[in-house]
Amino acid sequence: MKEKILERNILLTEYVLKNTTGIEVRIINYGLKITSVNVPDRNNEFEDIVLGFLDIDQYLYTKEIYFGSTIGRFCSRICNGEFYIGEHKYILSKNDQNNHLHGGLSGFHSNIWDVKVIRDKSLECTIFSNDLSEGFPGNLKVIVNMKLTEENELIISYNATTDKKTIINFTNHSYFNLSGEGVGNIEDHILQINADYYTPVNQNLIPTGEIKNVSGTPFDFTKPKRIGQDIEDQSEQLEYGKGYDHNFIIKTNSKVKRQPVFAARILSPRSGRVLEISTTEPGIQLYTGNFLDGKVKAKKKGTYLHRGGFCLETQHFPDSPNHDNFPSTLLIPNEKYESTTIYRFLTE
């Protein structure tokens, strides 16, 4: 554990999870950000595969505020920063043009979490969000557990309770490059997503409410293909996002309730590293680092190039409160929200 007291009187602490196979995950209490994930390639050479910074205090000052972050109260976008619960209209902070994005200006990504180490194997991380923080109703308590297993799985479990009806949607916003952080772009990575449908967006990246089949479109990842294969297609959807920045609807097994199901698998042919993701969430957002511009220095050498990392964010659908046909994100008093996502690291 490494600690650093900063000029704003913030005690920044970095925690390390390790297993006996040599995999190591580092996490800081500011924004509950994953700062590094060291995993082997096909030749058993270990390398960090998460974009970020060597000096943990840099996370306070970067423009890339979501690197590795735990996102809440509501990940992704809410149209016009407003929604209804019953007859009551709630107005949120607007930090993405006229929309609310990733919890607002002071979302979970920019707050200090209370972190407890549990038997050197996992972290129990807690944050409280006051009623009407960023405009959201209810005093909300969130507990996130992060555990690294001997099966090379990073398991992130989310739990939440509220004293007033509210909406929630949590995710982790790590950027990965399975060839190694700072090593080129990720267009050569081979991706499979367990989804027959996705949610199209408008020019402001807000879902239209339509649920569209991926068949015959650049969004068909039902069979493994290179991320870059169709990314430059003359598609209105890809033009809106300058690449992929879309939610996919995960196929679920109706016989398996509340258990994580396979969501995505991605391979770097260069390194042989594989990431498999399973989740209890109904959706997963693919973002291909379209706004990385080569101006942020990588940890070892070089910079983070355009499309130098990808995000696969397990979630409920963006703007869900404003679409009755999307799975509900409503949490009510005396109920407990629970969600689990598993990241499994392999080689091929």
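Colleague: How many helices and strands does the chain have?

Modeller: In this predicted model, the chain has 1 helix and 27 strands. The radius of gyration is 19 Å, close to the 20 Å that the globule rule gives for 348 residues, so the chain is as compact as a globular protein of that length.

Colleague: What does the C-alpha trace span along its principal axes?

Modeller: The spans are about 60 × 50 × 45 Å. Of the 348 residues, 58% count as buried. The accessible surface comes to about 15100 Å², and 45% of that belongs to carbon and sulfur atoms.

Colleague: Among contacts between residues at least 6 apart in sequence, what share joins residues at least 24 apart?

Modeller: That share is 66%.

Colleague: Turning to the sheets, what is the order of the open sheet of 9 strands?

Modeller: The order is E11-E12-E13-E14-E27-E23-E22-E17-E20, with antiparallel pairing. Strand E11 (114-118) and strand E20 (225-226) are the edge strands, and each pairs on one side only.

Colleague: How many bridges link E17 and E20?

Modeller: Strand E17, residues 190-193, pairs with E20 over 2 bridges in the antiparallel sense. Ile190 has Arg226 in E20 as its bridge partner. E17 also pairs with E22, again in the antiparallel sense, over 4 bridges. There, Gln192 stands opposite Arg265 in E22.

Colleague: Is strand E22 mostly covered or mostly uncovered?

Modeller: Strand E22, residues 261-267, is mostly covered, since 5 of its 7 residues are buried. E22 pairs with strand E23 (residues 273-279) over 6 antiparallel bridges. Within that pairing, Ala264 stands opposite Ile277 in E23.

Colleague: How many residues lie between the strands in the hairpin of E22 and E23?

Modeller: There are 5 residues between the strands, and Gly272 in this hairpin takes a positive phi near 80°.

Colleague: And the open sheet of 5 strands, what is its order?

Modeller: Its order is E19-E18-E21-E24-E25, and the pairing is antiparallel. Strand E19 (212-213) and strand E25 (311-315) stand at the edges with a single partner strand each, so one side of each is left without a neighbour in the sheet.

Colleague: How many bridges join E24 to E25?

Modeller: Strand E24, residues 283-287, is joined to E25 by 5 bridges, and the two run antiparallel. Leu286 stands opposite Leu312 in E25.

Colleague: What about the backbone of Arg307?

Modeller: Arg307 has a positive phi of about 60° although it is not a glycine. Most residues other than glycine have a negative phi. The place of Arg307 is in the loop between E24 and E25.

Colleague: Is Arg307 buried or exposed?

Modeller: Arg307 has a relative accessible area of 3%, so it counts as buried.

Colleague: Where does Lys242 lie?

Modeller: Lys242 is in the loop between helix H1 (236-241) and strand E21 (245-250). Lys242 has a positive phi of about 55° although it is not a glycine. At 47% relative accessibility, Lys242 counts as partly exposed.

Colleague: Which peptide bond is cis at Arg73?

Modeller: The bond from Gly72 to Arg73 is cis, with omega near 10°. Most peptide bonds are trans. Arg73 is found in the loop between strand E6 (70-71) and strand E7 (77-78).

Colleague: Lastly, how far apart are the mean positions of the positive and negative charges?

Modeller: The mean positions of the 39 positive and 44 negative charges are 2 Å apart.

Technical notes
Residues are numbered from 1 along each chain as its sequence is written. This is a predicted model: local features need pLDDT of at least 70, side-chain atom pairs count only at pLDDT 80 or more; totals for chains, interfaces and linings use all residues. Side-chain values use heavy atoms; hydrogens and water are left out. Two strands pair if DSSP finds at least two bridges between them. The radius of gyration is taken over C-alpha atoms; the globule rule is 2.2 Å times the number of residues to the power 0.38. Buried means under 20% relative accessible area, exposed over 50%, partly exposed in between (1.4 Å probe, protein chains only). Contact means heavy atoms within 4.5 Å. Accessible areas come from the Shrake-Rupley method with a 1.4 Å probe; for residues, only the protein chains shown count as cover. Lys and Arg count as positive and Asp and Glu as negative; His and the chain ends are not counted. The place of a charge is taken as NZ of Lys, CZ of Arg, CG of Asp or CD of Glu.
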